[in-house]
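Me: I would like to learn how to read a protein structure. Please take me through it one feature at a time.

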Amino acid sequence: MSKNTSKPSSNPAAAQFSRPLRLSVSQDLRGLLAKNIGHGILFSITFVSVLAVMAIFYFVVQESVPFIFKGGFRDSLSRVTEFLTSTAWYPQKEENPEYGALAIIVGSLYVTFCSLIIAVPIGVLAAVFLSDIAPFSVRQYCKPIIEILAAIPSVAYGVFAVMVVAPWMQKTLGFSTGTNAINASLILSVMALPTIISVAEDALSAIGREIREASYGLGATRAETMIKVVIPAAHSGIIAAVILGMMRAIGETMVVWMASGNSSRIPSPWWDLSQSVRTMTATIAGELGEVPKDTDHYYVLFAIGLLLLIFTFGLNMTSEFFMTRFKKKSRGL
Amino acid sequence: MLVKTDSNIIRKSESKGLKMESIPISKNSASKNGKIKLDSPVKQSPVQDTPISAERTIVRAEGFTFFYGSKKGVEDITMNIETGSVTAIIGPSGCGKSTFLRSINRMNDLIPQTRTEGLLSVGGQDVYHKSTNLVNLRQQVGMVFQRPNPFAKSIYDNVTYGPKLQGIRNKAKLDEIVEKCLIDAAIWEEVKDDLNKSALALSGGQQQRLCIARTLATKPKMVLMDEPCSALDPLATARIEDLIAALKGIYTIVVVTHNMQQAARVSDRTAFFCLGKLIEYGMTDRLFTNPRQKETEDYITGRFG
Amino acid sequence: MQVRIRQAWNHLFTILSSGSIVLLVAALLLFLIPMLRKGIPAVVFRGTVEFRKMQAELFDRGDTMALQKETEQTWQARQEIYTILDHFSRGIDTEKLTDEAKDLYRDYGQILRYQETPKEQYTELRGRAKEIRDHLLDAFESTDKDEIAAHLDAIEALRDEAAFSGTPVEKMFTMTGDFRKLIATVDLSKRDIFADELEVVKEELYNLFGPRPDEQTPQLAMKRFGATRWDVAEKHLTFLVWQEKWIPSDDGQTLVAKQVRRDDPLEGSFAGTELAPLFSLTEKILKDTMKPRFTLYWQYFIDDSTPGHYFGGVGPEVLGTLLLTLLAMCFSIPLGVISAAYLVEYAGDNLIVKIIRICINTLAGVPSIVYGLFGMAFFVAYITKQPGVLSASMTLALLVLPVIIRASEEAIRAVPQTYREAAMGLGAGKFRSFLTVTLPAAGPGILTGIILSLSRAAGETAPILFAGAAALAPIPDFGGKWWLQETRALSYGCYDITVGDKLAMMVPHKQFGMVMTLIILVLCLNVIAIVIRSRMSKKLRGM
C-alpha cells in the first residue's frame, strides 16, 4: 500500500471529536474532590507509621520516666549514675533495691562484639564470594540458603543453643556451664550473618564493573583488586552492613535469654567467654513477666528498654548515614 | 522514578497559560477558557510551505514552549497538523521531537517539574488548560511508544483494556473490537488461535503491533507514534510502515522518527526540529528534494545528526 | 617470585571466601539436621500398646476391639512379672503384712461380737488371737532369723484348728507359713535395702506398664498409662535392670559410680533372691508386654496436649500461631500496601515524606522486645485492657509493617514506567492505572513480601510475651470474646517447653517436636516465597 491512496479525510470539520475534550463543571469538581480526598486518605494511612514510631517512643519514655525522675534532681542524677555504673542488680531486694545495670549493659555489648568478631570477616568474605567469585548458578543456590538462615525464628535458635550446643559444650569442652557468652555469641553471629552478607554484597555489586576492570587491566590479582580497590570503594556500604548486623545482634532477645546464662556479672577475666552473662533484652524479657505494674522494678525495666531503643535508633541513623554516603559516592563515580 | 500527580502540573501550566496575554500569538481571547474557535484563522508557521485551512487543522501549536525545570525542551513552536494526514517529525537526538509529540496528549505530565508557555490545542481545546478532560483526550489521541510495552496480561486483555475503561462490558462487543483491531494492526492471523496467551511471549515486532492494536481499540482520532520502529528489526519495521500507510486517511498520524528514509516513505508532511526549534515544515516530497533552510539540507545530506 | 607470592595470596583469599560460604551452609545444616532429626520422633516412632490405650481414652481413636484384645494379651504377659514381684514383696513389705495382721485381728474381734460370743469365751479367744497377732508383728519387725523362728514357732503352738477354722485367724496362720518360707530365702539384714530398691523396681514397672488393673485409676493423665513409646520403654527397662553402685576408685581416694545389674550374682542387690528372675524375664518378654509398633502420629499437629505436655500434640500452639499471624496480617497488609502505593505513586519529595521514610526505617530497627514493651504499655493498657489475641496481633502487625512496606515499595517500583505510560496513554487515570496495571504487575512481589512477613510473625516470641501469649491457655473460645483471651503459640511454647516447664524436660521428643513444627512452618512459607519469586521472574521474561 503506497501512500498515494491517501486522500484528505472527507470530513471537513475534521476537528470533531466524538467525546468532549472538555470537562464539565461537575466532572471537574468531582475529579478534584476525589483526588484530594483520595490523596488525604492515602497520606493518613501512610502517616500511621510515623504515629507508630512516635507512640513507641512516647510510651517507653512514659514508663521509664518514673524511674529516672523520682525525687529531686540530685536524686535522679544519682539514680541514673547508679544505673549506668553499678553492677549491683538487685531489684527484688526488700530493703534497698539496687538498680545497677552496668553488668547487663556490658553483657549486651560483650555478646554483640564477640558475635561481630566472628560474623564480620565471614560475612564480608562471603559477600565477596557471592559478588565476584561465584558463578551464577552457585549464587542462585546460595541466596535461598542465606534467606533461610535469616528466616529461622530466634526461638528455634534458642532451643538449639540450649538443647544441643550447651550439653555439647559441657561434655566436650568441659565448660562448667553450657549457657554462656560464647554460646550466645556463636548463635548471634549466625543470625547477623545474613544481614551483613546481603547488604555488603549489594554494596560490592553496586560498585560496578569499571573499577574492577581498571584494576585487572593493570595486572592485579582478584584478591588484590578486592582488597585494595573494591572493598575500599565500598567501605561505607560495608560499614553500614556491619552496623545493621550489630543492630540485629543487640536487639535479639530469645537467643540470649536462653543461651547466655543470665547471670548478671561482668566476666572476670574479660576474655573468658565461657562465663555466663546477661543482656539487656534478656533482663527485660525475663523479669517483666513477674513484676507488678507501676513499681520501681517495672519502671526500671522500661528504662532499660529506653536505653535499647536509643542504642538501636542511633545505630540505625548511623547506618543510614553510611548508606547515603555510599550511594552518593557510587553515583558520583 | 516517581510518577507525579498531574494536578500540580496542571495548576502550574494553567497559570502560565493564563498569563500569556503578553505573548502575541493569537488574538483569540477564546483561549481564556481553553476553547479555540474552530474557524478562527490558523496561524501558520513561518517556515511552512503550504498552509492548512482552519477546518482541516486538528492540532494547532502557537508559540508553544515546553520547560523541563528551567531547560527548554521545545521553544516557540508554531505549526499545525492536518486531519487524516501522516506527519513525520524528524531531527537529531535531543531536538525536542518526542517532547512535542508527548505534549499533544499530555504524556509529559508523568515527568515532574515541567511547565509550558504558549498554546497547544487539539480539536479546539487548549490541552494545557485546566478544563481539559484528560481521559477523553488520551483515549482519542492514542500513543505508540518507542519500546513495545504490552501489559503482563493476555493478548485479549491488552486490547480490551482501553474499551473496558470506556465502559464497554459486553463480551460480544469486546470480541468484535479485539478482532477488528488485531486485523487492522495486521497481527490477527498470527495470534487468532490463542488470544489468551501472555502478550510477553510475543516477539518484539508482534508486541509493537499488539500495542498499535491496543491503541486503536479506543477508537482514537489521532495516533501519535514515538519512534515506533527503533527497537525492531527491518522486517518488522517494514510491516509497521505498511500499517501506517493503511491507517492513513482514517486516522491522523504523527510519527516521530530518526530514520529519514522512513519519513520519506510514509508521510505526507514532514517537520524538521533542531535544538528545540521548528526549522522547516512542509510537504515531504518537496522537503527532501528541495529543502529551503540550510540546517534542513545539512541534516538531510548527513552533515550532522 | 613476587608474582608467585601474589598468586598464593590470591588463592588463599579465594579459599577463604569460598570457605565462608561453606561455613554458612554447614552452619545451616548443623542446625537443621539435629533439630529435625530429634523432632521427627515426635511424629514418627514406635508406639506401644500404652500409646494406643492413651489415644483411645484421651482422643477416642483406634479400633476398640483390637485394642481390647491387645490389652488382654499384654496383661497376660505381664502377669508373670507381677507374680514374681508380688510374691517377693509380701515378704519385704512388712508394713503391708503388719496392717494385714492388724486388720485380721480386728475383723476377728468384730466377728466374735457379731456372733455374740459369751464374754468369757470372747476374752479368751480374743486374747489368744491377740497373742498370735503380736507374735506375727514381732516376727515381721525383727531382722533376726532365730527370733523370727521363735515367734513363728510360738504361733504354731497356739494353733488350734477347731477354734479358729473359718475365721480370719486362719489367714494369720497362712501368713505365718508363707513368712516362714520367705525368710528361708531372704537375707533379712538387707531388708531395708530391699525395701528401698523394691520401691525403685515397683516404680519402674509402673513407668513401664502403668497402673495395674486392680489399682485405682489416678487422676493425672500422666500417670494413667505406662510407657507410650518404645524408646522410653527401653529407657525404663534400663533403669529397672541396672543400678548404680558407688565403689572406691582405683586409687582409693574417691568413690566412683559403677553400673551393675540388680540380679548380678556378685554385686546385685537382689542376687539370689526370689526377685532375681524378674529382671531377665522382663528383658526377654518386654516386647510381648508392650507390643511396639510403627506409628505415624500425624495428629501431633492438631491434637491438644494434656496438661504438662506429656501426651498429645501441639494443636493449640499451631492454632494460636495461625490465629495471631492471620489477624496481624489483616492489620498490616492494607496499611503496608497502601502506604507503599502512596510512597511510590503519589508522594512528592518534601520534608514530610522524608520524615515518613525515616520513621519506617526506624520501625524496622526497633528490637522485638521493645515491641513487647510497647505492646504491653499501649495495646494492653489502653486498647484491650487485658492481654489477649488482639493485643498480641496488633503488636505483631506493627512489627511486620515495615517489612511489608519495603517489599511492596520495591515491587511497585520494579514495575516499568512504560506500563504506567501505556495505561495513561489509553486514558486511564492515575488511580485506575495503578489498580488495573501496576498493582497486578507488582502482585507477585507484594505476595512474596506478605509471605515472608507471615513467616516472621509466626516465629516471633518477644513481642507476644506480655501481650497475649501464655503457656497453658485453653483454645480460644470462638463463641465468646476470643480476641480478649490469651492463647498459646508455637514460638512462645518452644521457649516455655524448653526452659520454663520442668515437666516437659521428661519428654524431649515433645520439645524438639514443637520446635520442628515451627521450623517446618517457617521453611514452607519461605520456600513458597522463593518459588513465587523465581516463577515471577520467568514470567516477566515471557516464558
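Predicted model: local features only at pLDDT ≥ 70, side-chain atom pairs only at ≥ 80, totals over all residues.

Me: Where do I start with chain A, and how many helices and strands does chain A have?

Reply: Start with the inventory. Chain A has twelve helices and two strands. In sequence order the pattern reads α-α-β-β-α-α-α-α-α-α-α-α-α-α. The radius of gyration of chain A is 29 Å, well over the 20 Å that the globule rule gives for 333 residues, so chain A is more spread out than a compact globule. Along the principal axes, its C-alpha atoms fill a box of roughly 105 × 65 × 35 Å.

Me: What share of the residues in chain A is buried?

Reply: Of the 333 residues in chain A, 46% are buried. In chain A, 73% of the contacts with a separation of 6 or more are between residues 24 or more positions apart.

Me: How many helices and strands are in chain C?

Reply: Chain C has 19 helices and four strands. Its radius of gyration is 36 Å, well over the 24 Å from the globule rule for 543 residues, so chain C is also a case of a chain more spread out than a compact globule. The box filled by its C-alpha atoms is roughly 125 × 80 × 45 Å along the principal axes. Buried residues are 43% of the 543 in chain C. Among contacts between residues at least 6 apart in sequence, 72% join residues at least 24 apart in chain C.

Me: And what does chain B contain?

Reply: Chain B has eleven helices and ten strands. Of its 305 residues, 54% count as buried.

Me: How do I read a sheet?

Reply: Strands of a sheet pair through backbone hydrogen bonds, either parallel or antiparallel. One open sheet in chain B has six strands in the order β6-β7-β8-β3-β9-β10, with mixed pairing.

Me: Which strands of chain B stand at the edges of that sheet?

Reply: They are β6 (141-144) and β10 (277-283) of chain B; each has a single partner strand, so one side of each is left without a neighbour in the sheet. Neighbouring strands of this sheet are turned by 15° against each other on average, direction ignored.

Me: How many bridges join β9 to β10 in chain B?

Reply: Six bridges join β9 (residues 269-274) of chain B to β10(B), and the two run antiparallel. To find a facing pair, look at B:F272, which stands opposite B:E280 in β10(B).

Me: What is the strand order in the open sheet of four strands in chain B?

Reply: The order is β2-β1-β4-β5, with antiparallel pairing. Its edge strands are β2 (71-82) and β5 (125-126) of chain B, each pairing on one side only. Strand β1 (residues 57-68) of chain B pairs with β2(B) over eight bridges, in the antiparallel sense. Within this pair, B:F67 stands opposite B:K72 in β2(B).

Me: Which helix of chain B lies across β1, β2 and β4?

Reply: That is α2 (residues 97-104) of chain B, which runs at about 60° to β2(B).

Me: How do I read a helix?

Reply: An α-helix has 3.6 residues a turn, so residues three or four places apart point the same way. Then check for bends. Helix α17 (residues 430-459) of chain C bends by about 55° at C:G443, and a proline, C:P444, follows within four residues.

Me: Is α17(C) mostly covered or mostly uncovered?

Reply: Mostly covered: 21 of the 30 residues of α17(C) are buried.

Me: Last, a single residue. Where is C:G315 placed?

Reply: C:G315 is in helix α12 (residues 315-346) of chain C. It is partly exposed, with 17 other C-beta atoms within 10 Å. Leaving aside neighbours within four places in sequence, C:G315 is in contact with C:F301, C:I302, C:D303 and C:D304. C:Q299 is 16 residues from C:G315 in sequence and 8.2 Å from it in space, C-alpha to C-alpha.

Note on methods:
Residues numbered from 1 in each chain as written. Chains lettered and ligands numbered in written order. Rg over C-alpha atoms; globule rule 2.2 N^0.38 Å. Buried ≥ 20, exposed ≤ 12 C-beta atoms within 10 Å, placed from the backbone. Contact = placed C-beta atoms within 7 Å. Pairing = 2+ DSSP bridges. Axes fitted to C-alpha atoms, helices over the stretch in contact; angles between N-to-C directions. Bend = angle between axes of the 7 residues up to and from the residue.
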